[in-house]
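Hi,

Here is the structure I promised to pass on.

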Amino acid sequence: LALSLADGCIPTILHALIPLSVDASKFGLAFGISEILDASGHIFGDILVSSLREMTGNYAASMLFIVGLTLFSTLLSVALVFHDIRENDSAFNSAFRK
């Protein structure tokens with residue numbers, strides 16, 4: 001359940017952080033790059049998961065791969081939030097200012 005929650009929230013959180021992380025003039029480019037990377041992950045992820053299933057004969061390796069990617073994505077998302085909080089001129093940081 002925790003992995004499903006993280007996997008469902010990661011794209012939403014990352015898309016919400018785009019306007020807080022890039023200049024307004026580059027928002028379209030940043031959002032486009034995000035969408036391309038997301039679509040590439042869907043395409044190549046499906047191919048990789050099915051290839052692992054065919055090579056091993058079961059879904060254990062595929063599930064471990066998916067769990068690993070989800071944990072890695074969650075760690076990167078948390079690192080991005082903490083990095084953004086530490087920046088003095090960050091829009092996200094304004095919620096934590098006194």
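Leaving out neighbours within four places in sequence, S34 is in contact (heavy atoms within 4.5 Å) with H15 and I18. This is a predicted model, where local features need pLDDT of at least 70, side-chain atom pairs count only at pLDDT 80 or more, and totals for chains, interfaces and linings use all residues. Numbering runs from 1 along each chain as its sequence is written, and side-chain values use heavy atoms, with hydrogens and water left out.

S34 sits in helix α2; helices (H or I, at least four residues) and strands (E, at least two) are DSSP runs, numbered from the N terminus. Is S34 buried or exposed? It is buried, because its relative accessible area is 17%, and buried means under 20%, exposed over 50%, partly exposed in between (1.4 Å probe, protein chains only).

Helix α2 itself covers residues 27-56, so its 30 residues should span 44 Å at 1.5 Å a residue (the expected span is 1.5 Å times one less than the number of residues). Its end C-alpha atoms are 42 Å apart, which agrees. After α2 comes G57, with a positive phi near 85°.

Now the whole chain. It has 3 helices and 0 strands, in the order α-α-α. Of its 98 residues, 15% count as buried. Among contacts with a separation of 6 or more, 36% come from residues 24 or more positions apart. The chain exposes about 7,300 Å², with carbon and sulfur atoms supplying 70% of it (Shrake-Rupley method, 1.4 Å probe).

Cheers
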